[in-house]
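Look at the sequence and the structure below. The paragraphs that follow go from the contact between the chains to details inside each chain.

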Amino acid sequence: MKTFNLPDLGEGLPEAEIVTWHVQEGDEVVLDQPMLSVETAKAVVEVPSPFSGRVAKLYAGEGDIVETGKPLIDIDTGSGGSAATAAPASADQSPAEASAADSGTVVGSMPVSDEELIETAVAGGKRRRTAGRVKAAPAVRALAKKRGIDLADVPPTGRGDRVTREDVENFRPRPAVRKRTPVQLPPGEPVRLRGPRRAMAQSMGLSRDEVCACTIFDDADIHGWMPGQDITTRLLRAIVAGCQAEPALNGFYDGAAMTRQLESRVDIAIAVDTPDGLIVPVIRRVEQKSAEELRDDLDSIKTKTRARTVAPEEMKDFTFTLSNFGMMAGRYATPVVVPPTIAILGAGGVRHDVVPVLGGIETHRRIPLSLSFDHRCATGGEACRFLAGVIGDLQRTS
Amino acid sequence: MAKVTLIEAVTMALAHEMERDESVIVLGEDVGVNGGVFRATAGLQQRFGPDRVMDTPLAEAMIAGASIGMAAQGMKPVCEMQFMGFIYPAVDQMINHAGRMRHRTRGRLHCPMVLRAPFGGGIHAPEHHSESTEALFAHMPGIRVVIPSSPQRAYGLLLASIRDPDPVVFLEPKRIYRLQKQEVQDDGKAMPLDVCYTLREGDDVTLVTWGAMTFETLKAATAMAEEGISCEVIDLATISPLDLDTILESVEKTGRLVIVHEAARNCGVGAEIAAGVAEKGLYDLEAPIQRVTGYDTVMPLFRMEYQYLPSVRRIVDAAKATLED
C-alpha cells in the first residue's frame, strides 16, 4: 500500500484546492494516468498517478484544501505489504521536507552533504617560473616526430628559443654514442637547462663526440706595444694575420662526409660571459675592418649583451672563435673547438713575466695563448704556422 | 571562524558588507520576507529593514534597471535574479546601460552594482532553472562576470564584487550551494578579482574550469593521479576579464590543455580560452586543446541531466587524449 502526499506543485506553494477527482475509491489506475485536478495560487494543475494499482483511499474531497506534503491518496500496488508510511515515495517531493534545516522553496533535488572542503587555492598573477620545455610550432613537432628526431636535441634558432622547421630539416644527428648508464643525481630540485646554457651543453657535447682536439701553448711578448692599444682588437687582427699565414685553420670540417671547406672571409665568434650563460656573438669580415670599426663592433656587442638583445642570427655562421678569458684568472687553457669550425684561440691574462734577454733578465708584458685545433683536418705544422702568424702580429708595436 | 556552505558564505558576505557600508542594498524577488528561495538572503531584512532589503515585483528588467539607476547615483545595489533563466529580460538593461555607464558619461558616472543569480544545472529542476549562459555576459564590454566555486571564494569574491566600482554579474553554481562546507572567517577580506586560482599543481596536463564543474574536475585529477598522471587544476573564478597569463604559464609547464564547462559548447567561454592559448602559447602545446562541455541542446530535464553535464569519465578521457599524442 502506497500513500501519495500532495507534492510541491511549483515554487513553494503551501497548499492547493482539489477541483476534480478523476478516480474513485476502488478504481484501477495506471502509472501517469490523470488522477485529479488541483488549483494552486498560480494555476489549475493535473496530477498524474505515481503508481499503478487500485485506489484504496482518498484523503480529501472536491473543494477541500490540502496542504503540500499531506496525504492525498492511498494506492494498493499489490507489491506486498509494509504499512503505508508517511515517507514520501514520489520523486516530485520538494527537498524542504527531506532535510532538517529550511533549505528553501525550490522545486528540485539539490545534493546536500556535510563533507568538508579542504583545498588550497593559489591566486594567479605574475609568477615567473622557468619551464624548460622545448618550444616549437605544432607543425614542426609533427615533422620532428615523423623523422624520429627528439626536439630536445635540436639547437633552436627561432625567436624565443623556438625550434624552427629549418632547424629540424638541417639537423644531423650525431654519430651513435656508446651506451653508458646515465648519471643519477642525488635527491634535490634539478632545473632543466634552457637558453644559452642548454645550447652550450649541446654544443660542447657535440664537440666532445666528434672533434679530435689538440692544443698548442705559447706566449706573445707585447712589451713593445705603443700606449693605448686595445687587447681584444689586437687579438682579432692577429687572428686574421694567422689565417693569412695559414688558411687551413679558418673554415669548416664535416666529419661524417669527410669534407673540408676553407673560407677567405674571417668571421670571428667572441665568447662572452653573461648571467644567463655563455653566448658567442659574431664579428663579421674582420679582415676588412679597421681597428676603430672593430672597437665599435665590440662596444655594440657589450651593449646588446647587457640589454639581452643579441639575436640568434648574430651568433651563427662563424669561421673561427676567440675566447679572451684572462680578465679574471687563468693563463693557459684547452679551449673547446666548436664544430663545424676547425680552431679556437684562447688568450689568458696579460701579465709581467720574467724573460731572459741577451744574457740578462727583464720583465715583459706577455699574453699567454692557447690554440686548440681539430687534428682530424689540420696538421700540427699548420697549427704552428698559424700560431706563428698570430704571435708575429701581436708582437708588432701597433 | 565557521564551517559554512557556499550559500551561507553568500549570506555572510552580504551581511558583512551591509553592516560595513550603508549604501549597500539588496533587492529581488522573494529576497526580503522569504529570505530568498535558496535562503541566500535569510535574515537580512529582519536585520537591516525593508528599506535596505526589498521585495520587488516579478519584473527582471525593472530589478536591473532600478539597480542601475541607484548605482549611478551612489548606492551599491546587489540585486538578485531568482534564476539565471530569468535574467534575459534584464539583459537589455545590463548591456545597454550598466555596461556602458562609464563610457556614455565619459567617466562622470559609473555603475557599482552586483547582479547575483543562481546558475547551472544538476538539481533536477524544471525548465529555465538550469541555465549556464555566462558567455552572453562575458562577450559584453563593461561587465565583469565572476563565478565562485567554493564557500571561501564565494565570500571573498562577492565582497570584491560589491566593492568594485563597475557592474559585476555574480553567478552562483547552485549545484554546489550545499555540497560542501568550508572554514570561512567573517573578516571582510575580499579576494582578488580578474585572476585565476590554481587549485591543484601538476606537470602533465592543465585542466581549466569554473563553477560546479570544479568539483568533477578535481575528482578527475585525483582519479588520474592514481594512474600516475599529474594534473594542474585552475579555477577561472573571473570569467571576464580573462586571466590568460596564469593559464599560459601552466600550459608552458604541461604542454596540454583541457577546458571543462557545463555550458553548451558552441561559442562557450572555453572557445575564448582555446583561442587565446592558440594565439599566445602555440609553441608550448604538445597536443590539440580539448574542450569538455555541455551539448549544443537545450538543457534537459531530470532524467537526462547528468548525461548532459560533463562527467568525471569525460574529463579523464579528454585529458588522456591529450597525452596520447
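How many bridges join E9(A) to strand E9 (residues 197-200) of chain B, and do these strands run parallel or antiparallel? Two bridges link them, and the strands run antiparallel. The model is a predicted one. In E9(B), B:Tyr197 is the bridge partner of A:Ala123. The contact as a whole takes 33 residues from chain A and 38 residues from chain B. On the side of chain A that touches chain B, the elements giving two or more residues are strand E9 (122-123), strand E10 (135-136) and helix H2 (138-147) of chain A. The residues on that side of chain A divide into 13 nonpolar, nine polar and 11 charged.

Chain B comes next. Its fold holds 12 helices and 14 strands. Of its 325 residues, 57% count as buried. Among contacts in chain B between residues at least 6 apart in sequence, 80% join residues at least 24 apart.

H1(B) is mostly covered, with 11 of its 15 residues buried. Among the buried residues of H1(B) are B:Leu6, B:Ile7, B:Val10, B:Leu14 and B:Met18, and also B:Glu8 and B:Glu17.

B:Cys231 belongs to strand E11 (residues 231-235) of chain B. Is B:Cys231 buried or exposed? B:Cys231 counts as buried because it has 26 C-beta neighbours inside 10 Å, where 20 or more are needed. Leaving aside neighbours within four places in sequence, the residues in contact with B:Cys231 include B:Arg200, B:Gly202, B:Leu207, B:Met224 and B:Ala319. B:Gly202 is 29 residues from B:Cys231 in sequence, yet their C-alpha atoms are 4.4 Å apart in space.

Chain B also has a cis peptide bond, which joins B:Ser240 and B:Pro241, with omega about 5°. B:Pro241 sits in the loop between strand E12 (238-240) and helix H9 (244-254) of chain B.

In chain A, the strands are a place to start. Strands of a sheet pair through backbone hydrogen bonds, either parallel or antiparallel. An open sheet of four strands in chain A has the order E5-E4-E2-E7, with antiparallel pairing. Its edge strands are strand E5 (44-48) and strand E7 (65-67) of chain A, each of which pairs on one side only. The twist averages 40° from one strand to the next. Within this order, strand E2 (residues 15-21) of chain A is joined to strand E4 (residues 34-39) of chain A by four bridges, and A:Glu17 has A:Glu39 in E4(A) as its bridge partner.

Other strands of chain A pair as well. Strand E3 (residues 28-29) of chain A runs antiparallel to strand E6 (residues 53-58) of chain A, with two bridges between them. A:Gly53 in E6(A) is the bridge partner of A:Val29. E6(A) also pairs with strand E8 (residues 71-76) of chain A in the antiparallel sense, over four bridges, and there A:Arg54 stands opposite A:Asp76.

Strand E20 (residues 343-347) of chain A has five of its five residues buried, so it is largely enclosed by the rest of the structure. A:Ala343, A:Leu345 and A:Ala347 point one way from E20(A), while A:Ile344 and A:Gly346 point the other way. Four bridges join E20(A) to strand E19 (residues 320-324) of chain A, and these two run parallel. E20(A) also has five bridges to strand E22 (residues 360-374) of chain A, in an antiparallel arrangement. In E22(A), A:Ser372 stands opposite A:Ile344.

Some loops of chain A have backbone features of their own. The peptide bond from A:Pro339 to A:Pro340 is cis, with omega near 10°, and A:Pro340 lies in the loop between E19 and E20 of chain A. A:Leu358, in the loop between strand E21 (351-357) and E22 of chain A, has a positive phi near 45° although it is a residue other than glycine. A:Leu358 counts as exposed because it has 5 C-beta neighbours inside 10 Å.

Conventions
Residues numbered from 1 in each chain as written. Chains lettered and ligands numbered in written order. Predicted model: local features only at pLDDT ≥ 70, side-chain atom pairs only at ≥ 80, totals over all residues. Buried ≥ 20, exposed ≤ 12 C-beta atoms within 10 Å, placed from the backbone. Contact = placed C-beta atoms within 7 Å. Nonpolar A, V, L, I, M, F, W, Y, C, P; charged D, E, K, R; others polar. Pairing = 2+ DSSP bridges. Axes fitted to C-alpha atoms, helices over the stretch in contact; angles between N-to-C directions.
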